[in-house]
Amino acid sequence: MVNHKKIIFYLSVAVFFTGCAVPSRKPPVIPPPPVAGEIKPSAPIKEIIIKIGIIESTDRVSIEGEDDFTIINIKTGEKFNMPADDIYILKTVKDKIIFGKKQFASDIKIIPRRTDQKITVDGKRYKGNIILRINNRKKLAVINELGLEEYICGIMTKEVSPSWSFESLNAQAVVARTYAIKNLGKHASSGFDLCSQTHCQVYGGFGSEDERSNKAVYNTAGEILKYNGEIINALYHSSCGGRTEDVKNVWNDSKTENPEYLMGVKCGFCEKDKWYNWSASISLKMIGSNLRSFGYKVGDVKKIKTAGRTSSDRVKEVLIEHSKGALWLRSNRFRMAMNPNVIRSTNFTVKIKSGVAYFRGHGWGHGVGMCQWGAKGMAEDGWNYKKILKHYYLGTEIINEEK
Ligand SMILES: [Zn+2]
Ligand SMILES: [Zn+2]
């Protein structure tokens, strides 16, 4: 969903995005903006197999099976049975994968004996198969290959609390499924579809599943959001602070689509979010150093002013006056440079006092698409998930591709 310059930009800030929304108050999902030309699914949804990058680069990883498992050399097709009575430590040495006493010169796939058995990778259990490949840094990349619906089960509690009203869980499942299908192949150059971090959707594997959130996934199985027959780019965020935002106001460039379904709408249901009102303070010195570490050539920061407001009351631009001149920044870029978990949204005001900038704002996240806390509020008010989704994504239809 990003243009490629922005992929680099977002990856560079990925260190700040270490989780997502509620209830553990991890940072919200900040998916990047749309990109054209994504891979369209060629199979019915229930047959889609998705590859998730669970470890993008490591020197070593431990693997354990619930029962004996099979290793397949992906290049030669050779198979080896491995007993389950061991925890295997895998490493790379000179472009080879060392797996116990075996060595492989190409990528390998680990397949459990039975489909309900999990493979444990560095202590976390996963459904499906595990692929190990040597990446371009000559380190190990670990990929989980599994069915799409099983993948959605593994992201639900990373995005919302499974204790939330059931209709909001249904809405989350449809949005997560739509997002995944729309973004298949996003990390194709690294050998997988989606990463397991906030850059795509946070995925915790089998260990993060919950019976109630799984029920929402199976309850909505096969359902996705479409606009004029096309799968939508289902962006979402933690809380909007009152009104959602037009996508063009967050990522505005020639490559960003600006469809009707990503136009801002009134929410008014997310007041219960702890971050509906937030405040933060950052010294002007720190603001200068944050901007420099993002590559902006600024001297000592003297003043910060906001310029313009969007229809959802978010700041359009930030003016930074510094000892070497002035810098105008789009508010979203300013937020990313400061740390999006400190400046939680671009709906803020700022006052300077004794060398410190004091921010007060509303909501958490970019504000585009579904407001997760708003969906929760609507569900508590008796809205069903279809009504919730149609509210946040104007003009869309929920299509069950399985029927
Ligand atoms: Zn990603
Ligand atoms: Zn909201």
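Colleague: Hi! What should I know about the numbering and the model?
Modeller: Residues count from 1 along each chain as its sequence is written, while chains are lettered from A and ligands numbered from 1 in the order in which they are written. It's a predicted model, where local features need pLDDT of at least 70 and side-chain atom pairs count only at pLDDT 80 or more, though totals for chains, interfaces and linings use all residues.

Colleague: Thanks! How many helices and strands are in the chain?
Modeller: The chain has nine helices and 24 strands. Those are DSSP runs numbered from the N terminus, with helices being H or I of at least four residues and strands E of at least two.

Colleague: And what share of the residues is buried?
Modeller: Of the 403 residues in the chain, 46% are buried. Buried here requires 20 or more other C-beta atoms within 10 Å of the residue's own, with C-beta atoms placed from the backbone.

Colleague: Which residues touch the most other members of the largest nonpolar core?
Modeller: That core has 78 residues, and I130, V142, Y151, I152, M156, A180 and I388 touch the most other members. Helix α4 (residues 166–182) gives the most to this core, nine residues. A nonpolar core is a set of buried Ala, Val, Leu, Ile, Met, Phe, Trp, Tyr and Cys residues joined through C-beta atoms within 7 Å.

Colleague: What does V142 touch?
Modeller: Leaving out residues up to four places away in sequence, V142 touches I54, I55, V61, V121, I130 and L132. Contact is defined as C-beta atoms, placed from the backbone, within 7 Å.

Colleague: Switching to helices: at what angle do α4 and α5 pack?
Modeller: About 60°, with the axes of α4 and helix α5 (residues 211–219) 8 Å apart. Axes are lines fitted to C-alpha atoms, for helices over the stretch in contact, and angles run from 0 to 180 degrees between N-to-C directions. So α4 and α5 are oblique to each other, a label for angles left over once under 35 degrees (roughly parallel), over 145 (roughly antiparallel) and 65 to 115 (roughly perpendicular) are taken out.

Colleague: Who meets whom there?
Modeller: F166, L169, N170 and A173 in α4 meet R212, S213, A216, V217 and N219 in α5.

Colleague: And how do α4 and α9 cross?
Modeller: The axes of α4 and helix α9 (residues 385–392) come within 8 Å and cross at roughly 55°, which makes α4 oblique to α9. E167, N170, A171 and V174 of α4 make the contact with Y385, I388 and L389 of α9.

Definitions and conventions
Buried ≥ 20, exposed ≤ 12 C-beta atoms within 10 Å, placed from the backbone. Contact = placed C-beta atoms within 7 Å.
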